[in-house]
Structure formats: structure tokens, C-alpha cells
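Hi,

Here is the structure I promised to pass on. My notes on its core and its aromatic rings follow below.

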Amino acid sequence: MTIKHLLTPLQLGALSLPNRLVMAPLTRQRSLPGNVPGELNASYYAQRANAGLIISEASQVCPEGQGYAWSPGIHSDAQVAGWQQVTQAVHQAGGRIFLQLWHVGRISHPLLQPHGADPVAPSAIQAKAECYVVEADGSHHKAATAMPRALELNELPDVVAAYAHGSANAIKAGFDGVEVHAANGYLLDQFLCSDSNQRSDTYGGSAENRARMVLQVVDATVATVGDSRKVGIRISPMGTFGDVNDANPLETFSYLVAQLNSRNLAYLHVNRPDWLGGTFEGFDELLRALRDIYTGTLIIAGGQTAESGEQAISEGLADLVAYGRPYIANPDLLARFQAGAELNPLDGNTLYGGGAEGYTDYPSMG
Ligand code: PHB
């Protein structure tokens, strides 16, 4: 097929995007010691600078926010210096890049936490999910997530402050903006979803209460960055990844999205619940409802193809289309879409951890 809508430029705040392709945030677990990005990561992102916008892999805003070995952070000076290599390489290659701000909440384990502490969450409810740990002897493996400790009410401002600190660091590191990760069963999604949030204070119960933490993080991030058009947010309504479940996603996410309107953000990024397969009845109607509520720029992600992306934009369902797995395997995804060329297959064995193999060695065309 020939693509047209995906090639239409779009203005995102002060950023001029030359096309509608977004490289989705993708955990690859390839940071250096100290969870510091390096040259290899810079090459990987620069290879993909053809995207209208790159969103970095999720990056923990504080040590407690980590749930996977070798995921990068954005809390230390060394991490800022490491990310500077990445943003410089992407900008030199003509691209634009946001950093994704991450706190995993209960999707973690004492082996990943400072002083071997228990991970924190809205409520002390264990997820049936996996994280990825490194043992004291250096061996590493997947592990069941641990029973978390419920955050005290007086600890929540520190968590919000960690996101603000991460966003300040991201701007220092040269990112064009930041994305608040409120999706996929991590901390902010744990607050949003009724099953994982059993709090009896003003952060639990009603949709308004469960959305409070997310909105406070968004507001603190905007205040720190100093420009709401440099802040986006990612959500995953109806998603079950990370063992979350919300009793009424239409109510919860309609409320949240309506509240986001007045924030005048760079974008709202919606990850489909079926990104790893499965059937989620009613999602398309829910997405349509959220599209109707949201007055700003919308990114859709999860299992997208050139065809589905063209269709989503032409129907007005989305303004930008994020590609994850296709961008892992095809650094020149834009050119391949333009040429109607075959895509490289994805190597499922090199997604997480390791080095250049399955990371910077996927071939471009010609
Ligand atoms: C993962 O590491 O599997 C992962 C990380 C962040 C996400 C989703 C999945 O948002």
C-alpha cells in the first residue's frame, strides 16, 4: 500500500514532526552499571531518528521505581550524562525524543530495591506478574513480583517529587519533552485501577480519587518542565498487563481524560489492551469515547501496521501512531512503509538484555 496520512507533518508544541510515526517506548534492559545509558543506546536510538517522534524506553525516576535489571534511570547525574549522549545522537540524526518517566510500584522485588526493602504500591496487594532480578552472585532471572508495602499518605508527595526531579533531569539531558507512564500496570496505573487500589484515603475509592496521583504527577511535571506542551501521558485503559483490573474503565478513564484536557499537554498516548494478544471486548468503543472527550493530540499504540495507522489517522481516531516491535526490527521503518517494503522479522530472544545483537544490528534496506 502507499501511505499518505502517516507522512503528513504535525506540530507538537514547538516541535515540528515531519511524519506521524512514533517510536513507542520499549524496555530493552541494556544500560551500563548504575543503570546509565551509553554509546550503544545512543546508536540504537539514532538509527531510528526517522520517526516523527521517539519516546524513550521507560526510565525509573528513583531507585525504588525499578522493576527490571539494567533498565535506565533518570535520577542520578551519571544517568543524565549518559542520556545526553542519546539525545545528542538523535538530534544529530535529525530526530526528536521524549523520555518516559517510570515508577514500577509493586512490579518489583527486594533484590531490585534499595536496602532490600519491599516494593511500594497504593495498597499491599501482590501482583501475579514477573519482574527481572539480579542476585548477589551476579546471576539474573525472571522472578515473581514481591508483596508490596502500601505507601503512607505522607509519603506520596515524595513520590510526586521524584517524577518532578526525573523530568528536570530529562530536560537537563537534552530531551525535547517527557511522557508520564501511567499505563501497563505500573505505579500510576496501580493507583488508577480499582483492584490494585484499595485505599480509604483521598487517593482511593472514586474515579476522582484514584486519578488524583496521576494528575498530581502530571501537574508537578508540567510545573517543573515549565511548558505543558513538552509533557505527554501514556495510559492503557482496559489493560490487564501487570495484573491490574479496573471495574469500570469507561468511568475511570473518561474522568481522567476530561481532566487532562485543561492541562493542554503535548499529547495523550493510548496503548491498546491487546498489544500482547487476547480479546478485549468493548475496547474500540471505549477508545472512540476517549477520542471524543480528548481535545488534544492523540497517539494510538499496540499491534499497529501501516494499514491500521493510515486508517486511524484518516478516521480521526488518532493523530499519531506508535510502533513498538516494528521499530525494534526495522530501524528504517519509515522508508519501508514509504516503499511498501517487507519488514524484518522480530527476534524474540534478544528483546531484553544483552548487547548489540538484536539491538543495533537489524539491517536497513539496500
Ligand atoms: C516490560 O518490561 O515488559 C514492560 C515495560 C514497560 C511497559 C510494558 C512492558 O510499559
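Does Trp 102 count as buried or exposed, and at what relative accessibility? Trp 102 counts as buried, because its relative accessibility is 1% (buried means under 20% relative accessible area and exposed over 50%, with a 1.4 Å probe and protein chains only).

Before the rest, some housekeeping. This is a predicted model, where local features need pLDDT of at least 70 and side-chain atom pairs count only at pLDDT 80 or more, while totals for chains, interfaces and linings use all residues. Residues are numbered from 1 along each chain as its sequence is written, and side-chain values use heavy atoms, leaving out hydrogens and water.

Trp 102 has a partner: its ring and that of Tyr 68 have centres 5.6 Å apart and planes at 10°, so the two are stacked (rings of Phe, Tyr and Trp, the latter by its six-membered ring, pair if their centres lie within 6.5 Å; planes under 30 degrees apart are stacked, over 60 edge-to-face, the rest tilted). Tyr 68 is buried too, at 12% relative accessible area.

The whole structure holds twelve aromatic pairs. Tyr 44 and Tyr 45 make an edge-to-face one, at 4.8 Å centre to centre and 70° between the planes.

Enjoy exploring!
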